[in-house]
Amino acid sequence: MQRDQHMRRRRPRWFLIILLILVIIFGLHHFLSVGARLKANWNKIVYTSSDNVAIAVYSPKTHQTYTSTNAPKHKFHTASTVKVSILAGLMLKQQSPLSSSQEELAKKMIEQSDNDSTTTLFNELGGKEGLQETFNKFGMKNSVAYTQWGLTTTTPADQIKLLNNIFYKSTLLNNQERATIRNMMDNVESNQAWGISAGSNNFAIKNGWLSYGSDDWIVNSIGYVKNDNGTSYTIAIYTDKNNSMVTGQQTIEQLARTTKSIME
């Protein structure tokens, strides 16, 4: 009788151990399957494209950044996506809230993608040197600032570092600064809301497009997506050598849709 009671007391322990093992296995499977499924779906698009394409996505659930590219050593021109870096850099530099005139210029720069406003704020940041200092502060080691700010080069993984400081947590930007940038990226003009937003109704975005020399059409899109089930991710997609702006948009939106289907 005593032995039976002892065995009954031990069963819950074994049950908890088995349950813990199952949880660990399931978590590991999820971690591995997200990356594997993203790669499999991305590569169908990336490696069948005749253009240069690169994508990076960060998942706060796995704390991992996933990437794919058909041009591993290529540096992509930012075009207007650099405007997010300029705004973040200006906030870091002055360590005080934007003035009313700066905020007006920043809204035009992010929401309307106004280039004159960008040049004014770029100069206030300190031009090329100020922008490079911004990249250094955010740990964006593969980003190089140019005097012509739109020709600045970067990688999607570097942009994810910046986006994570804005949309998740930061030791550099305070909550008010992060909220200001998020709000502007939430309110871009409707005709500029294409790209990483494809298939989503809750997103923050900044796009860039430029026809430049041998790169033909440079078309880029960076931002944040929140799904209906509460999951979210940051995403950056860069392309060039597109024969038209539309071609670049289509590639980006294909990648955005397949990403959303897996990250939900």
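This is a predicted model: local features need pLDDT of at least 70, side-chain atom pairs count only at pLDDT 80 or more; totals for chains, interfaces and linings use all residues.

Visitor: How do you know that the length of helix α6 agrees with what its residues should span?

Guide: Helix α6 runs over residues 156–167, and at 1.5 Å a residue these 12 residues should span 16 Å. The C-alpha atoms at the ends of α6 are 16 Å apart, so the value and the expectation agree.

Visitor: What makes α6 largely enclosed by the rest of the structure?

Guide: A residue is called buried when its relative accessible area is under 20%, and 10 of the 12 residues of α6 are buried, so the helix is largely enclosed. Among them are Pro 156, Asp 158, Leu 162, Asn 165 and Phe 167.

Visitor: Which elements each supply at least two residues of the lining of the largest pocket?

Guide: Helix α6 does, as do β1 (52–59) and β2 (64–69). The largest pocket has a volume of about 200 Å³, and of the 16 residues that line it, the closest to its centre are Ala 54, Thr 69, Pro 72, Thr 155 and Pro 156. By class, the lining has eight nonpolar, six polar and two charged residues.

Visitor: How many aromatic pairs does a search of the whole structure find?

Guide: The search finds five aromatic pairs. One of them joins Phe 76 and Tyr 238, with 6.3 Å centre to centre and 55° between the planes.

Visitor: Why is the pair of Phe 76 and Tyr 238 called tilted?

Guide: Ring centres must lie within 6.5 Å, and planes under 30 degrees apart count as stacked, over 60 as edge-to-face and the rest as tilted; at 6.3 Å and 55°, Phe 76 and Tyr 238 therefore form a tilted pair. Phe 76 lies in strand β3 (residues 76–77) and Tyr 238 in strand β7 (residues 232–242), so the pair ties together parts that are 162 residues apart in sequence.

Visitor: Are these two residues buried or exposed?

Guide: Phe 76 has a relative accessible area of 1% and Tyr 238 is at 0%; with the limit for buried at under 20%, both count as buried.

Visitor: What makes the pair of Phe 167 and Tyr 224 stacked?

Guide: The planes of Phe 167 and Tyr 224 are 5° apart, with 4.7 Å centre to centre, and planes under 30 degrees apart count as stacked, so the label follows. This pair links distant parts of the chain, with Phe 167 in helix α6 and Tyr 224 in strand β6 (residues 217–226), 57 residues apart.

How values were computed:
Residues are numbered from 1 along each chain as its sequence is written. Side-chain values use heavy atoms; hydrogens and water are left out. Helices (H or I, at least four residues) and strands (E, at least two) are DSSP runs, numbered from the N terminus. The expected span of a helix is 1.5 Å times one less than its number of residues. Buried means under 20% relative accessible area, exposed over 50%, partly exposed in between (1.4 Å probe, protein chains only). On a 1 Å grid over the protein atoms alone, a cavity is a set of points where a 1.4 Å probe fits but cannot get out, and a pocket is an open set with protein on both sides within 12 Å along at least five of seven lines; lining residues have an atom within 4 Å of a point. Grid points are joined across faces, edges and corners, and a volume is the space filled by probe spheres set on the points. Ala, Val, Leu, Ile, Met, Phe, Trp, Tyr, Cys and Pro count as nonpolar, Asp, Glu, Lys and Arg as charged, and the others, Gly among them, as polar. Rings of Phe, Tyr and Trp (its six-membered ring) pair if their centres lie within 6.5 Å; planes under 30 degrees apart count as stacked, over 60 as edge-to-face and the rest as tilted.
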